[in-house]
Amino acid sequence: MPEALAPPGPGALRACMSRFATGVTVVSYATDNGPRGATMNSFTSVSTDPPLVLVSVARRARCHDQLTDGSFCVNILGAEQEQVARLFAGAPSTAEPRWAEGARVPRLADPLAWVECEPWRSYDGGDHTLVLGRVTELGHRDGDALTYAWSRFGSMTESTDGIEHLF
């Protein structure tokens, strides 16, 4: 019988998962002190009926309670918005956030796409909470996407051969 392997440590898992290229988002929300946001790359579409998306929020993140209990907007960043991603990740940045009025919460001005959500369900995800939001408003523009892989930002060129017309 094969010997059971020990579960990987956080560093090994992070190094392995860094090979998976993702898009980059800033999840925005309202506070009594104005709009706030947090850079996140753990985001996915879950369902079209009802329309649901998921963000994975670290339990130790300052925004944890606001995102598990309140409306939020997932701002999908364009390739030219790396400094915005850095700003909301708490890294050195030259960006000044520009905000737009959303139906329920503020969103960033001119993201590649945005998905406004109201809270739907939250689930235990270890040191994170998996937050499902029901999509209430959305929009997008043309442009290249900001990506993240190998612990570095990159970009993906907008395809002219997409399959969006099939939906």
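Is Asp124 buried or exposed? Asp124 counts as exposed, at 62% relative accessibility. Buried means under 20% relative accessible area, exposed over 50%, and partly exposed in between (1.4 Å probe, protein chains only). This is a predicted model, where local features need pLDDT of at least 70, side-chain atom pairs count only at pLDDT 80 or more, and totals for chains, interfaces and linings use all residues. Residues are numbered from 1 along each chain as its sequence is written, and side-chain values use heavy atoms, with hydrogens and water left out.

**View 1. Arg59 and Asp124 form a salt bridge.** A salt bridge is a side-chain nitrogen of Lys or Arg within 4 Å of a carboxyl oxygen of Asp or Glu. The closest N and O atoms of Arg59 and Asp124 are 2.6 Å apart. Arg59 lies in the loop between β5 and α2 (64–69), and Asp124 in strand β9 (residues 113–125), so the pair ties together parts that are 65 residues apart in sequence. Helices (H or I, at least four residues) and strands (E, at least two) are DSSP runs, numbered from the N terminus. Arg59 is partly exposed, at 39% relative accessible area. The whole structure holds 6 salt bridges.

**View 2. Arg141 meets Glu80 in a salt bridge.** The N to O distance is 2.5 Å. Arg141 sits in the loop between β10 (128–140) and β11 (145–149), and Glu80 in the loop between β6 (72–76) and α3, so the pair ties together parts that are 61 residues apart in sequence. Arg141 is partly exposed at 23% relative accessibility. Glu80 is exposed at 53%.

**View 3. Arg134 forms a salt bridge with Glu118.** Their closest N and O atoms are 2.8 Å apart. The pair links distant parts of the chain: Arg134 is in strand β10 and Glu118 in strand β9, 16 residues apart. Arg134 is partly exposed at 27% relative accessibility. Glu118 is partly exposed at 23%. Elsewhere, salt bridges that share partners join Glu80, Asp110 and Arg141 into one network.

**View 4. The structure holds 2 aromatic pairs.** Rings of Phe, Tyr and Trp (its six-membered ring) pair if their centres lie within 6.5 Å; planes under 30 degrees apart count as stacked, over 60 as edge-to-face and the rest as tilted. Phe88 and Trp99 are edge-to-face, 5.8 Å centre to centre, with 75° between the planes. Phe88 lies in helix α3 (residues 82–88) and Trp99 in strand β7 (residues 99–100), so the pair ties together parts that are 11 residues apart in sequence. Phe88 is buried at 16% relative accessibility. Trp99 is partly exposed at 29%. Tyr148 and Phe153 also form an edge-to-face pair: 5.1 Å centre to centre, 65° between the planes.

**View 5. Two arginines lie over tryptophan faces.** A charge sits over a ring if NZ of Lys or CZ of Arg is within 6 Å of the ring centre and within 35 degrees of the ring normal. Arg107 lies over Trp114, at 4.2 Å from the ring centre. Arg121 lies over Trp120, at 4.1 Å from the ring centre.

**View 6. Ser56 is buried in strand β5.** The strand spans residues 51–58. Ser56 has a relative accessible area of 13%. Leaving aside neighbours within four places in sequence, Ser56 is in contact (heavy atoms within 4.5 Å) with Met40, Ser42, His128, Thr129 and Leu130.
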